Amino acid sequence: MRAISSAKSTLGRREILRRAGLAVAGVAGGSSAINWVSPLVLPRAPRIDANRSFWALELPEVNQPLRASTDSDIVIIGGGLTGLSAAYYLRQRLPGRRVIVLEAKRCGNGASGRNGAMLLTSTADRYLIAGDDAAMDRRIHEMTVANIDRLRELALATGIDPHLDLGGALHTELGGAEGAGADVGQSAVREATATAARLRDSGIPAEYWDQERTASAIGTRFYSGAIFNPLAGQVHPGRLVAMWKRAAEQAGAEIFEDTAVVRVEEGAVHTLRTQTGIVVRAPVLLLATNAYGRRLGYLGAAAAGVWDYMACTVPLTPAQWDSLGWQSAAPYDDAQTETYYLGVTRDRRVHIGGGPVDYLFNDGTPDAHQQSARHQALHATLARLYPSLARIPFEFLWGGIVDMSLDSSPAIGRMGRHANIYYAIGYSGHGVNLTSVFGRISADLMTGREAEWAWLPYLGRLPPYLPNEPFRWLGIQARLAAVRWSESR
Ligand SMILES: Cc1cc2nc3c(=O)[nH]c(=O)nc-3n(C[C@H](O)[C@H](O)[C@H](O)COP(=O)(O)OP(=O)(O)OC[C@H]3O[C@@H](n4cnc5c(N)ncnc54)[C@H](O)[C@@H]3O)c2cc1C
């Protein structure tokens, strides 16, 4: 899923969206003293709320918290897919070194354990877009395809099946019989056909599926067609976290849960303090904190915590399933900029997420009323796509933060006075696969293999500057407004 996707095929539109955010955020924020004062007076956000998703039922058992102060060679903050995969690769590369993961709640409590389950290739800013740099698009695509092979191998090695369904994924186009109308449908078909052809010319496999073929795969005639990505698929996010946690522990990493870091004192050797006053000292730190890093004073200018919502039905009866006509296991996301994304679980529940996202002042958390309104809207969308599901209730409702960067591109690198704080952030709703690519690259950066990744455009950069409040809120609202405006045209 791409929460605020910039994947409408034209670069012009992407540029408009990017500039809308930058114009308000960068100019206003950069020139104002308020920008520098506001973090000193506002509470540290975002709040780390509990994961209530369907996937959370299969998250691994929670480890003990860290109970005594200690030293480590490397410390990782965050037990999501970034942190767990980095821990695994670090221990592979440095078997004699101590690697500790500190997780505030439980592994997979964040986006890694509550996402849309789409296992996608490439990155949010390049996904199924035939860009100008075809060679780079292809290289990044291949890097992420190779990672899917590694997931398959790790599933065997750990004995935890993350329900990898590698039957491809669809990116549906609006404007089918019940969709946006014949004119929009025709232009969407032309654009999608041309995009699929250009992707193939670049060496990235992609097919255009017409309305009939799309409808027979996913059981709705709402879309005029789709681009099919044969190398993507879906996964069970809770089980994927369990797989990575076991892989990291088997490799010798130590994982402590219910252990929130509340303060980092930087140095040649960092001193981290937890909520219970325990101290961890380590010369190397990885921030695998998603947008939560802002709580510690890190990476707030790189990504904002944008709220996205999901829901999952009760299991369908065989009769309900048959009437649905959803023949393929392929999940799909639609081509709207505020994407909807859907899939089916192995016990035949339909899950749906996306639509309008929310950014609340100071990376706030939406209240129950606001979340409920978004979930009702998801149900209405589901009923529009699949009228036979109109009376099927949702059993699980949840939301979570997506670490959205202003240009929808991820970033990885190191920072700090001693260049010993590493980060990987900004997946922008496209991290289920990419996180463990970046976990691996983080380990490479820490172990002297940086040169291997010199070609990667996301290395050593930070996304465009996101200011502090109130300009942060204004900038993101401007960007969301531009997204909605471009969507309604
Ligand atoms: C609703 C939703 C749907 C999505 N759908 C998809 C999809 O279909 N496909 C896709 O590719 N991507 C999707 N994504 C994005 C993807 O899930 C994320 O990019 C990815 O999981 C990020 O992983 P992470 O490890 O970087 O962060 P997280 O999984 O958020 O992990 C960060 C961890 O750090 C911990 N932490 C933070 N601060 C501290 C602290 N101070 N001390 C200790 N621990 C701390 C948190 O508790 C958290 O567990 C979706 C995201 C959401 C929210």
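Residues are numbered from 1 along each chain as its sequence is written. Because the model is predicted, local features need pLDDT of at least 70 and side-chain atom pairs count only at pLDDT 80 or more, while totals for chains, interfaces and linings use all residues. The chain has a mean pLDDT (the predictor's confidence in each residue, from 0 to 100) of 92, and 91% of its residues reach 70 or more. Residues 6-13 have pLDDT below 50, and this stretch has 15 contacts in the model beyond near neighbours in sequence. Where pLDDT is low, the predicted coordinates should not be read in detail.

Two helix pairs are tabulated below, with axes fitted to C-alpha atoms over the stretch in contact and angles running from 0 to 180 degrees between N-to-C directions.

| Helix pair | Angle | Axis distance |
|---|---|---|
| H3 (residues 81-93) and H10 (residues 431-446) | about 40° | 7 Å |
| H4 (residues 134-158) and H7 (residues 237-250) | about 65° | 10 Å |

H4 is therefore roughly perpendicular to H7, a term that covers 65 to 115 degrees. Residues count as in contact if their C-beta atoms, placed from the backbone, lie within 7 Å. On this basis, Leu154, Ala155 and Thr158 of H4 meet Met243, Arg246, Ala247 and Gln250 of H7. Four of the residues in this contact are nonpolar, two polar and one charged.

Most residues other than glycine have a negative phi, and most peptide bonds are trans. Ala45 and Pro46 are joined by a cis peptide bond with omega of about -5°, and Pro46 lies in the loop between helix H2 (33-41) and strand E1 (70-71). The bond from Glu469 to Pro470 is also cis, with omega near 5°; Pro470 lies in the loop between H10 and helix H11 (471-488). Ala117 has a positive phi, near 70°, and is found in the loop between strand E3 (99-102) and strand E4 (118-119).

Notes:
Helix = DSSP H or I, 4+ residues; strand = E, 2+ residues; numbered from the N terminus. Parallel < 35°, antiparallel > 145°, perpendicular 65-115°, else oblique. Contact = placed C-beta atoms within 7 Å. Nonpolar A, V, L, I, M, F, W, Y, C, P; charged D, E, K, R; others polar.
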